[in-house]
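Okay, thanks for making time, everyone. Let me put the model up, and then I'll walk you through a couple of spots.

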Amino acid sequence: MDLELMRAKAAEIVSREDIKYLIGWKKGSFGYRIAPSFIEDATAAVDLQFSPLCTANLATYLTLVEKLPLPRGQEPDQRKVAIMVKGCDSRAVAQLLVEKGITRQQVLIIGCPCPGMIDPVLLSNDYPETEEPVEVFWSGNDFAIHHNGKEVILKREEYMAGKCRLCRYPNPVIADVSIGDPVTTWEPVDDVAVKEVESKSLEERWSYWEEEFSRCVRCYSCRNVCPLCYCQDCILDRLNPTWINRAVNFSENTAFNISRAFHLAGRCIECGECERVCPANIPLGLLNRKLAQGIREKYNYEPGIDPE
């Protein structure tokens with residue numbers, strides 16, 4: 001993608017009278033970090049980024065901002081929020097529209113065709129992060145980085161993020177404005193991780209998840225980052241009656257994670273954010289992808305494809 005073209009288009013959009021602000025990506029404070037950016041005027045568009053590091057799904061912010069009651073006498077701002085989306089992000093926006101979590105009049109969708117994101121863990125294992133932000137970009141069918149003054153080409157098949165290897169919709173499924181040409185859709189790899197767990201006996205599966213869920217610290221990062229976990233009153237937080245205790249142990253952790261997975265059944269758009277932010281590295285995506293796989297096979301349905 002031409003970054004200058006993207007920034008110019010973003011500046012044009014955020015200058016419109018019907019746009020409140022634009023949500024995009026910008027460089028983080030160091031290394032391979034990328035941060036969300038909320039732009040209210042055209043001059044800030046120069047900081048926008050779209051690179052193989054822009055893994056974060058920005059759609060979660062559509063239901064997080066501006067939730068406080070308005071001061072007395074103040075009218076709600078009816079202008080639109082512009083948001084940059086990759087293919088998986090656009091599915092989250094489409095599903096929010098289906099569920100009426102947002103309305104079509106509230107959002108302007110900027111589609112960014114995605115050639116695939118890089119796995120920051122694999123990247124930092126071979127090329128440790130530095131104090132200064134590092135440039136990472138697409139180079140043909142591969143990735144490239146500027147590291148210690150040198151440009152290094154990284155093979156796509158070795159460094160691509162796991163969720164992107166499984167991706168079926170790299171191009172946004174819904175967009176008001178598209179920046180860049182559509183990418184050629186690749187053949188998703190088999191979900192070997194799900195198949196491995198499926199091949200285990202019932203006892204082996206229980207032992208596997210006991211080990212995984214016992215590491216959960218109940219930080220709720222998975223829930224907070226999920227664009228489809230936007231209930232203002234989460235049943236998993238209720239104390240009267242108490243559905244799930246606050247205790248951090250295998251039993252309560254299992255109840256929390258299984259409940260969340262089933263709440264997302266038929267809704268999860270497989271963006272992998274829950275797994276990305278988990279500080280305990282629990283493979284939460286396995287649960288969600290297993291349920292999504294079952295729904296595709298039994299009902300021929302995928303969430304977040306058609307907002308109608």
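So, where is Q49 found? Q49 is in strand β3, residues 48-49, with strands being DSSP E runs of at least two residues and helices H or I runs of at least four, numbered from the N terminus.

Quick housekeeping: this is a predicted model, so local features need pLDDT of at least 70 and side-chain atom pairs count only at pLDDT 80 or more, while totals for chains, interfaces and linings use all residues. Residues are numbered from 1 along each chain as its sequence is written, and side-chain values use heavy atoms, with hydrogens and water left out.

Back to Q49, then. Its relative accessible area is 9%, so Q49 is buried; buried means under 20%, exposed over 50%, and partly exposed in between, using a 1.4 Å probe and protein chains only. Leaving out residues up to four places away in sequence, Q49 touches L3, M6, R7, W25, K26, K27, C54 and M84, where contact means heavy atoms within 4.5 Å.

Now over to helix α7, residues 202-213, where E204 sits. E204 is partly exposed, because its relative accessibility comes to 46%. Which residues of α7 are buried? They are W209, E212 and F213.

Axes here are lines fitted to C-alpha atoms, for helices over the stretch in contact, with angles from 0 to 180 degrees between N-to-C directions. From α7, W206, W209, E210 and F213 meet F250, N253, T254, N257 and I258 of α9.

With α11, the angle is about 135° and the axes are 11 Å apart, so α7 and α11 are oblique to each other. Here Y208, W209 and F213 of α7 meet L284, L286 and L287 of α11.

That's my tour; questions welcome.

Notes: Angles under 35 degrees count as roughly parallel, over 145 as roughly antiparallel, 65 to 115 as roughly perpendicular and the rest as oblique.
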